[in-house]
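User: Please take a close look at one part of this model. I want its surroundings worked through in one connected answer.

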Amino acid sequence: MGIAASASSTAALRRGCRRRCARRTWREIRQAQVFVAVLGASSLTYAEATWTQKTGDWVVAQSNALQAFGGAPQLSVVDNAKATIAKALIYEPAVQRTYAEFCDHYGMAALNTRVRRPKDCLLYT
């Protein structure tokens, strides 16, 4: 069941930087990926570390962000991540099937930014 309340009109989603982290029991250092979601109207920010940038991790992290925000935006602006966009075309981007089903479930539309244009996220938020 999707969240019915609308938290904001848009949310900017960024695939994050890699950060080194370790657990005492592992005795090794692994790279963690940081998922960041920002609501456009209120600048509310949610960040979560995951091990990969695969679609499953992205969907779980975004679902957790929507629960933390208390609602789903109408538009999800994605930073051209492979986890969400199958083929990055300028006028008709092909959204990954799993991510498209996720957006349909929450009643959102997915929009990707242009390649090498980091300010595109700012235009829609």
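Analyst: Ground rules come first. This is a predicted model, so local features need pLDDT of at least 70, side-chain atom pairs count only at pLDDT 80 or more, and totals for chains, interfaces and linings use all residues. Residues are numbered from 1 along each chain as its sequence is written, and side-chain values use heavy atoms, with hydrogens and water left out.

Confidence next. pLDDT is the predictor's confidence in each residue, from 0 to 100. The chain's mean is 76, and 67% of its residues reach 70 or more. Over residues 1-8 pLDDT stays under 50. The model still has 23 contacts beyond four places in sequence for that stretch; a contact means heavy atoms within 4.5 Å. Where pLDDT is low, predicted coordinates should not be read in detail.

The chain has three helices and seven strands. Both are DSSP runs numbered from the N terminus: helices are H or I with at least four residues, strands are E with at least two. Along the sequence the pattern reads β-β-β-α-β-β-β-α-β-α. Of the 125 residues, 34% count as buried. Buried means under 20% relative accessible area, exposed over 50%, and partly exposed in between (1.4 Å probe, protein chains only). Among contacts with a separation of 6 or more, 56% join residues 24 or more positions apart.

Take its residues in order.

Threonine 55 belongs to H1. It counts as buried, because its relative accessibility is 18%. Beyond neighbours within four places in sequence, threonine 55 contacts Ala83, Gln96, Thr98 and Tyr99.

Tryptophan 58 counts as buried at 5% relative accessibility. Its ring partner is phenylalanine 35, treated below.

Valine 59 is also in H1. Its relative accessibility of 16% makes it buried. Leaving out residues up to four places away, valine 59 touches Thr98, Tyr99 and Phe102. Valine 59 and tyrosine 99 are 40 residues apart in sequence, yet their C-alpha atoms lie 6.9 Å apart.

A relative accessible area of 16% makes serine 63 buried. Beyond four places in sequence, it touches Phe102 and Tyr106. Its side chain makes a polar contact with the side chain of tyrosine 106, at 3.3 Å. A polar contact is a pair of N or O atoms within 3.5 Å; within protein, one must be able to donate a hydrogen and the other to accept it, and residues adjacent in sequence count only if both atoms are side-chain atoms.

Rings come next. The whole structure holds three aromatic pairs. Rings of Phe, Tyr and Trp (its six-membered ring) pair if their centres lie within 6.5 Å; planes under 30 degrees apart count as stacked, over 60 as edge-to-face, and the rest as tilted. Phenylalanine 35 and tryptophan 58 form an edge-to-face pair, 5.1 Å centre to centre with 85° between the planes. Phenylalanine 35 lies in strand E2 (residues 29-39) and tryptophan 58 in H1, so this pair ties together parts 23 residues apart in sequence. Phenylalanine 35 is buried, at 3% relative accessibility. Ring pairs also link Tyr99, Phe102 and Tyr106 into a cluster.

The largest nonpolar core has 19 residues. Such a core is a set of buried Ala, Val, Leu, Ile, Met, Phe, Trp, Tyr and Cys residues joined through side-chain atoms within 4.5 Å. Phe35, Trp58, Tyr99, Phe102 and Met108 touch the most other members. E2, H1 and helix H2 (97-106) each supply at least two residues. H1 gives the most to this core, with six residues.

Strands pair if DSSP finds at least two bridges between them. Valine 36 has alanine 47 in E3 as its bridge partner. The two strands form a hairpin with five residues between them. Serine 43 sits in that loop. Its phi is near 60°, a positive value in a residue other than glycine.
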